Amino acid sequence: MARTGSTRRTFVAGTAAAGAVAALGVEAPAASAAPATSAAGGQSVAVLGGGVAGLTAAHELAERGFRVTLFERRALGGKARSMDVPDSAKGGRKPLPAEHGFRFIPGIYHNLPDTMRRIPFPGNRHGVWDNLVAPKEMMFARTGQEDLRLPMPGAGTPQPLTLDDIRRALTGVLGTFQRLPAREVAYFVDRLAVFLTSCQERRDNQWESTPWWTFTRAAQMSYDYQRILAVGVTRNIVATKAEEASTRTVGSLLEAFLFNALGRGADGPLDRILNAPTNEAWIDPWVTRLRSLGVEFKVGWTVREVTYGGGKVMGVQVEDADGGVQSVTADHYVSALPVEHARPTWSAAMRAADPQLARCDQLRTDWMTGIQFYLTERPGIVHGHVDCIDSQWSLTAIAQAEHWPQRAFAADYGDGTVVDCLSVDISEWDKPGILYGRTAKQCTREEVAREVWAQLKAALNDTGKTVLSDSKLHSWFLDPGVSGIGTPNPRNEDELLIHPTGTFHNRPSAATKIPNFYLAGDYVAVPIDLATMEGANTSGRLAANALLDRVGSSAPRCTVTPLYSAPELDFLKNSDRLRHRLGLPNVFDVG
C-alpha cells in the first residue's frame, strides 16, 4: 500500500416485552470454523475506522488473503471498547476500567457471536465467546413505587409458539406490573399481535412510517403504560424517542426478544455481558488475532477526505499520528466510520455517483453515553441490569464486579479501595434533571455526575432502603467523547444512530455504485434494524462479501444470519401480504 504526500502540522437492559424474560433461551450452537484462506492476488484494502464494523471487515478480508491496513483516529474498538481512567492506578494495580457504556450482547445476536468464537482466548474452547456470562435477573426500579425484579433464566427448551401461546405469555409477564391496568395490558398485547402477524411489506411501509407512540396509542394511556411500554422500550434501549421511533424498528426488537425468551432461534440466553472489561475480554484478543493474520494498524490516523475521480476512489487523505497529511492508496476501500464522521469525507461527486450516499445525510444520531461510579462497597441492587424507568434522564445501569468472577476488583484495579463499578447509560440528554433543572447538555461534567447520582438514589433508595450512599462513592468517570457540555456548543464524538420514521429507506447497502468503495457501520442496511454491535458486525461481513463478489473471488462468503422468523406465523403473514396489497389493514388491527 503506497503512501505519498506533503507534510504539515496540523465515543439495553430491559424493556417490558424483553422482560418476557421469565421464559427460556436455547443452547448455544457449536463454534463455527474459520473460513479457509483464499489467495486474493495480493490485493490491498484500506479499512477506514477501527470500531466493530471495521475490525469485522478487516477480520473477514484478512482471512481470505487480502492485505489489510486499518486506520483509526483514536482507539480500536470504537464505542465498544473499554478504557483506563487516567491516574487511577496505585500499588501496581491496573487503572480503573471505564467504557462508553456497558456491553449488552443478547441471545438475539448471531453474527457477532460467530466472530467471537473465532477469536482465540487462553483456556477457552470457544474463544472470546466463552467470556459471555448471563446475569441472573433484572429490575425495573420505580421512583416512589415498589421495584419489580424479574428472573433471567439460562438456555432451555423451546416453547410453543402459536399466536395464542404468545398472547398468554405476554399477558402473564405484563400482568406482573401491578399498576398497569388490565385493559391496557390487553391492548398492548393486541398491538404486538398485529406486528407479529404483519408481512414484511407492511412493516417496511406502514409501520416504518408510524411512530411507536402512535402505534401503541400511548398518549391515551396511563403514565405507567407510557413509561414502561412506550418510553421504556425506546429511549432506554434504542436511544430514540417513542414519539418519533419507527414502529418497524421497535417492533422488530420486541419480536426478537420475545422469540429469544420463548427459546426460539437464539444464540443463547436473552441477557449476556462480558466477564471482564471489554478490552481484556474481547477487543485486545481480537486485535492480536488480526495482527496474526497480517492486518496492519494505523492508530491515531484521522481520515479527512476520500478522493474520487475517474469513476472510482483514487485514495484517501489522512492525517497521521504526527499531524502530517498523507495520501493513502489501495485497491479497495471500506469506509467503516460512524455515519456522522463518514459523511464529511464524501465529496459531492461521490454523492452524485451513488445517490444512497446523499441519502445518508438524512440519517440522524443522538446521545446515549455512559458514566461509571466507582464504589467502596458493593451495592445491593440486583444481579443484573436495572432500568430506572421513572428517571428524568432514562438511566439504565449494572454493577459489574459480581459478573467478573476472575477479577478481584480491589486487588486488580485502582488504589485498592474500589470494590465495584456501577456503569450507567444516560439515554436522555435534553430533559431537565432534578438537581439543577437543566438538561444534561447544559450541565458541566461535575453537574452531570451529581445529577445522575441523585437520580439513581431517587430510584433505588426510595422504598425504605439505602442502596446507594455518598459515603460509598469513591469517584466517577464520564465518557471523554463528551465535551463542551455546560457551554453553548456541547459535542459528543460517539453519537448513536437513532430510528425515527423513514430511517429504514435512507440506510445504504454495503455495496456502493463506486466499484472499489464499500460501506460498513451500524447505519448500513442489515437484517437487524438497530444501531447495535450486531448490526456493525453484520455490515462488516456484507462489505467483505460485496468486495469478494466484485473481484470474482472464489473464497467462501461470510455467513450473514438474520433475526429469527417463526414459521408458525408464516400463514398469518402470507394472508396479511394479500390484505396489504389490497389496501386492507392487518386482520388483528381493529382500532
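In which helix does Leu578 lie? Leu578 is part of helix H16, which covers residues 570-581, where helices (H or I, at least four residues) and strands (E, at least two) are DSSP runs numbered from the N terminus. The model is a predicted one, in which local features need pLDDT of at least 70 and side-chain atom pairs count only at pLDDT 80 or more, while totals for chains, interfaces and linings use all residues. Residues are numbered from 1 along each chain as its sequence is written, and side-chain values use heavy atoms, with hydrogens and water left out.

**Surface patch**

- Leu578, Leu582 and Leu584 make a nonpolar surface patch of about 300 Å², a patch being built from residues with over 30% relative accessible area and no salt bridge, with like charges joined within 9 Å and nonpolar side chains (Val, Leu, Ile, Met, Phe, Trp, Tyr) within 5 Å.
- Accessible areas come from the Shrake-Rupley method with a 1.4 Å probe, and for residues only the protein chains shown count as cover.
- Leu578 counts as exposed because its relative accessibility is 52%, the classes being buried for under 20% relative accessible area, exposed for over 50% and partly exposed in between (1.4 Å probe, protein chains only).

**Second largest pocket**

- The second largest pocket holds about 350 Å³ of space, and of the 22 residues that line this pocket, Gln200, Arg203, Ser252, Glu255 and Leu563 are the closest to its centre.
- On a 1 Å grid over the protein atoms alone, a pocket is an open set of points with protein on both sides within 12 Å along at least five of seven lines, whereas a cavity is a set of points where a 1.4 Å probe fits but cannot get out, and lining residues have an atom within 4 Å of a point.
- Grid points are joined across faces, edges and corners, and a volume is the space filled by probe spheres set on the points.
- At least two residues of the lining of the second largest pocket come from each of helix H5 (200-207), helix H8 (247-261) and H16, and H8 gives the most, with five residues.
- By residue class, the lining of the second largest pocket consists of 10 nonpolar, five polar and seven charged residues, where Ala, Val, Leu, Ile, Met, Phe, Trp, Tyr, Cys and Pro count as nonpolar, Asp, Glu, Lys and Arg as charged, and the others, Gly among them, as polar.

**Largest cavity**

- The largest cavity holds about 90 Å³ of space, and its lining includes Glu99, Phe102, Arg103, Ile273, Leu274 and Trp404.
- The lining of the largest cavity divides into seven nonpolar, two polar and two charged residues.

**Salt bridges**

- The structure holds 38 salt bridges, each defined as a side-chain nitrogen of Lys or Arg within 4 Å of a carboxyl oxygen of Asp or Glu.
- Arg289 forms a salt bridge with Glu63, with the closest N and O atoms 3.9 Å apart, and this pair links distant parts of the chain, since Arg289 lies in helix H9 (residues 278-292) and Glu63 in helix H1 (residues 52-63), 226 residues apart.
- Arg289 counts as partly exposed at 24% relative accessibility, whereas Glu63 counts as buried at 2%.
- Asp267 forms a salt bridge with Arg117, with the closest N and O atoms 2.9 Å apart; Asp267 lies in the loop between H8 and strand E9 (273-274) and Arg117 in helix H2 (residues 111-117), so the pair ties together parts that are 150 residues apart in sequence.
- Asp267 is buried, with a relative accessible area of 2%, and Arg117 is buried too, with 8%.

**Backbone and loops**

- Most residues other than glycine have a negative phi.
- Arg217, although not a glycine, has a positive phi of about 55°; Arg217 sits in the loop between helix H6 (212-215) and helix H7 (223-231) and is partly exposed, with a relative accessible area of 41%.
- Ser394, although not a glycine, has a positive phi of about 50°; Ser394 sits in the loop between strand E17 (385-388) and strand E18 (395-399) and counts as buried at 3% relative accessibility.
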